[in-house]
Amino acid sequence: MPESGDCVLVPRPAVAADTITISLSDNVLLEHAPIPHNLGERFLYRHLFGTLITLDCNGRPLPDLARSWRSGNRGQRWELTLSDDAQFWDGTRLTADHVVNSWRENTDVQRLGVLPESVSVKGDRVVSVGFRRSYQAVPPVLADPAAAVFRHTRERPGIQGAGVRAFDVSVSSEMISVSPAGHDRSQPTLHFRTVVQLQQRDMIDRGIDLLLTDDTQVLEYAATRVDYVSVPLPWNRTYVVAAPGPVTQYVTHDSAAVDEPSIGHLGVDARQALARDAVRSEARAAEPPFWWEDLSHCQVSAENGFSYPSRSGRAGRPTGETDRSLRVVYQRGDPVGRDLAERLVALSSAGASEDVLAVLRIRPSQAESIVSGDKRLLARELTRDGFVASLQAGSDQAYVFHLPSRPLSECVWADDFIAMTDWLVPSEVSAVSLSRIRFGRSLTPLVDTRSHLVVRGNRIGLSFGWDGTAILHYP
Amino acid sequence: MSLRSRLMMAFTALVVVALVVVGIGIRYNMGLRLTEQFQRRVQALALNIEAELRSESEGIGLTLRALVAEMQEDNRFRQASIQGASSDRQYLLDFAGNAMRLSGLSMLQIQDDSGRIISSGHFRNEYDRREPELLSAMRDSLNGMALVSARTASAPFVALARHDVARIGDRWFSLIGGHSVERQFLNGLAGDQELAVSLVYTDGVASSQAELEVRLSRAMSLLEEEGRVETDIDFGTVFSDQIVTEISLPYVMPRGRERISTATILVTHPLTQLEELRRSIDIWFIAAIVVTAAAALAVATWLSSWLSRPLAELAGKTSIVDLDRLDVGFDRSLKGEVGALSRLLAAMTDRLRDSVTRLRHVERRATTGEIARQVNHDIKNGLIPIRNVLHHLQQLAEEDQNQVVAVLRERQTTLNSSIGYLENLAANYARLYPEVKRQSCDLNSVIGQVGQNVKSEGQIQVRSDLAERLQRVMRDPVFLRRIFENLLGNAIEAVGAGPGDVTILTRSSKDSSGRPVVQTVIGDTGPGMSEEQLEMAFQDFYTTRPGGTGLGLSVVRRLVLDMAGTLKVESEPGVGTRFTIEFPALTSQENHEGLASDSG
């Protein structure tokens, strides 16, 4: 796979290693594929589930399963020709039908936003995809992991991704092993091991080749080892807090822009304090510009047939929890989200500044009740599905989650976010001009975070992609 | 109400009342003893809990003392807390959390001398909050131990806490640490599944038993609505189904930390076990009452039946005794009061029978007198012509002897006529009441002779069922013959032209006294008799047949009684009539002697 020079983290080694053992701190499951639930899965899936294109660290599209592409219909329709090497893990040659079936048959709701509006087969190796938006270059959303090509199988592990090489993938309780099929010795066998945070230092002591972590104490320990080098990945996650409420401005076909009262914004000092004290991972104050604050280039209009899919359903509260409690929620398995939510709750409970209260959309009367103890403000962990459902309904006071610092397509993200939330745009509005929506009034940036790669010796080359995900390279 | 009913009611009531008294007594005593036992257990556990809390508090104190030493020796803590080294800021913030995990505490908060939280183990991101009131409240608490509402990001919890202070450099730091008093802790205090330990404090409740926690929570909500939560709560009233003992502890409220209220640890033992036992006893008790009542009823029924049946039989027999029905037998072999009564009745019947015999004799004598007068009259009537002839002849002999022969010849007819009349009269009287001549008789033979002379007409079937080797009787064969002729003739006449059956049956049997008798039954399928007819059937000159004398059955009854036999008649209109005659049978020895005398 080609990589741009400025995207290289660790140069390719001269000699290939037979086996590379990689430690991931998150709980990694193939069942989630192709949509990663955490950084570990994002790293793993990046190497197992190929997409039609990839983006290098500068956002330049690179061939992956597709070797070439061309546009038509003013950038709304694109034809991509599959690479001759494209194949499933078992060596089955990838065809255009496979791509179409993969997208049509696996209609996970979280894939809908990034998948093309229409797709058709133009030949054995040519796929034609259509989008609601027009793109000057090949649509970057095709590099989204959710747009990966895969198929379900009856044999273990039950799923097969596609790439330019064949793999043998085996799953055990301790690791996922990916070995080159047949007599291919051009790449090593990869062992992906999942370990809990406390055992990551043990893995270093055991001589692991690569460790993906954001634990500062692990990094401190790695720094004491001369045989290991710590490589920081880009700041690729920006944690925000979203307090449900309508956007400050929107337009409809027949009404003028409506202004809503502005909510607060945390200053840089407050963000720095959060990054320094509240978050136990490596963090910094979220740095502007924040892409969601300027979506002026994401023009859409109803005349183009653009409409947001309706959503329904409301997230319920856990049994036994009183309705008087206000909740700042975060996703399970997100320690940074937990730290931030807890700090926001602590600040509010202690009589926080107006900025914090405004960010959480807590009214002064509510704030007094919280401080006096008459009303509770809680930080609460929700499952991934529960979090999504609650965010959709806007049933909680605030949501702490992270956004990609550099999304593949901010316009698609905005479309998805509007479609997903019932509270952002009133239901009677069928078309929204994203340029008029000030997401910044609902999304308050808090901190940026990044991960590190702890690498042993000169056994493997590393680069990173547009979304900050590390990519392995071999001689 | 009958004797049987009274007996049954009395017997059943007696048994049930006794059972109820026993059941209530058991129930009361069991309740009393179990309640006392439960109270002792609750109080023992309360004492144990107080000791446990003291021990726990001392343990927390020792832990805090050790942490103080650790803080004083820890250079990074010193640098971060005293010198404000930003590089060790995270270390300071995580210090309480790490110390808490190592020491096993559930709550640990470190404040600087201004009351600012510099590190919190249970709520890591609570740092920089000022809360001097907490330390102040802890100082005011009893023995330095208090329940504290500890804030966390997700939900507050109650901890049994103590405090300590550490001097580092010129600054004082306070540590407030403790153990969570959650269900697990309360479970540990309870130790026993039957006993529950609950905590009631101003802001909530917790219990070792989830069900009790829900109840407590509801009760407290109710009290809160009534505005009574601040007053002393009588938990014994709130939990009337529990045995309750209370232990009070100071509680530092989350709002306005300077204020200390009282938390109550409740040790409870449910009375459900007692109630279950009571219910179980009630069920078994009811079952016992039902079974016993049924048994008592059955016994009472049997007993009353056993008592009343012979009395009823005696009453039945007594009711049919009259001067014409003295053949009723009363069992003399019965024992007890009923036996005595039976014997009395038998003796009374015997006396009646003797009296009747004497009466009959008197009647007979009276009748004989009548007959004698009649005979006298008749004889006089017969003798008067003779006396007149003789008187005439005597006159002629004195006056004119020559006329005697002629007159005698002339009056010869008169004399012959009178003599004939007297002879006829004598013959007639001789036939009127023959003399009883007892001898050993075979009833089958007598019946056979009678049967030969009986002529049946029409469709009448005469059937005989004569027992073989029938015992003999010592009776007058002529009388017997007259009896059977009369009865058999009556039976055939009763059936009339038929169709119908006349049956003759002989058999050996025993009377009510157990003595051997020979029984003869003559029955017919004639029209039968009504009760009125039956009552008059044995009266003289009563007849239902045209041309009948009305003396047949009267004579039969007299002949039977004269021969010390018994006669019983059963009749039902439309079904028929059956006569049963019993004569004492000869014993084998008597029989042998009888046969010998016959042959001799």
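Trainee: Which residue in E11(A) is the bridge partner of Gln87(A)?

Mentor: That partner is Gly163(A). Keep in mind as we go that this is a predicted model.

Trainee: What makes E7(A) and E11(A) a pair of strands?

Mentor: Pairing takes at least two bridges found by DSSP. Two bridges join E7(A) to E11(A), residues 159-163, so the pair meets that requirement. The two strands run antiparallel.

Trainee: Where do they sit in their sheet, and why are E7 and E10 of chain A said to stand at the edges?

Mentor: The sheet is open, with three strands in the order E7-E11-E10 (chain A) and antiparallel pairing. E7 (87-88) and E10 (150-152) of chain A each have a single partner strand, so one side of each lacks a neighbour in the sheet.

Trainee: Let's turn to the nonpolar core. Which residues touch the most other members of the largest one?

Mentor: Among them are Val241(A), Leu340(A), Ala341(A) and Val447(A), in a core of 121 residues. Helix H7 of chain A, residues 335-349, gives this core its largest share, seven residues.

Trainee: How do you know what Ala341(A) touches?

Mentor: A contact needs C-beta atoms within 7 Å. Leaving aside residues up to four places away in sequence, Ala341(A) touches Val328(A), Val329(A), Tyr330(A), Ala379(A) and Val400(A), as well as Ala153(B) from the other chain.

Trainee: What other core lies apart from it?

Mentor: Another core has 66 residues, including Leu92(B), Ile117(B), Tyr127(B) and Tyr201(B).

Trainee: How many residues are in contact between the two chains, and which element of chain A gives the most?

Mentor: On chain A 17 residues are in contact with 15 residues of chain B. H7(A) gives the most to the chain A side, with seven residues. Helix H6 (268-278), H7 and strand E20 (377-382) of chain A each supply at least two. By kind, that side of chain A divides into seven nonpolar, three polar and seven charged residues.

Trainee: Which residues of H12(B) meet H14(B), and how do the helices cross?

Mentor: The axes of H12 (residues 477-495) and H14 (residues 552-562) of chain B come within 9 Å and cross at roughly 145°. H12(B) passes H14(B) in a left-handed crossing. From H12(B), Phe479(B), Arg482(B), Ile483(B), Asn486(B), Leu487(B) and Asn490(B) take part, meeting Gly552(B), Val555(B), Val556(B), Leu559(B) and Val560(B) in H14(B).

Trainee: What makes one residue of that contact count as charged?

Mentor: Asp, Glu, Lys and Arg count as charged. Arg482(B) is in the contact, so Arg482(B) is the one charged residue there. The others divide into seven nonpolar and three polar.

Conventions. Residues numbered from 1 in each chain as written. Chains lettered and ligands numbered in written order. Predicted model: local features only at pLDDT ≥ 70, side-chain atom pairs only at ≥ 80, totals over all residues. Helix = DSSP H or I, 4+ residues; strand = E, 2+ residues; numbered from the N terminus. Core = buried A, V, L, I, M, F, W, Y, C linked by C-beta atoms within 7 Å. Buried ≥ 20, exposed ≤ 12 C-beta atoms within 10 Å, placed from the backbone. Axes fitted to C-alpha atoms, helices over the stretch in contact; angles between N-to-C directions. Left-handed = near helix turned anticlockwise from the far one by under 90°.
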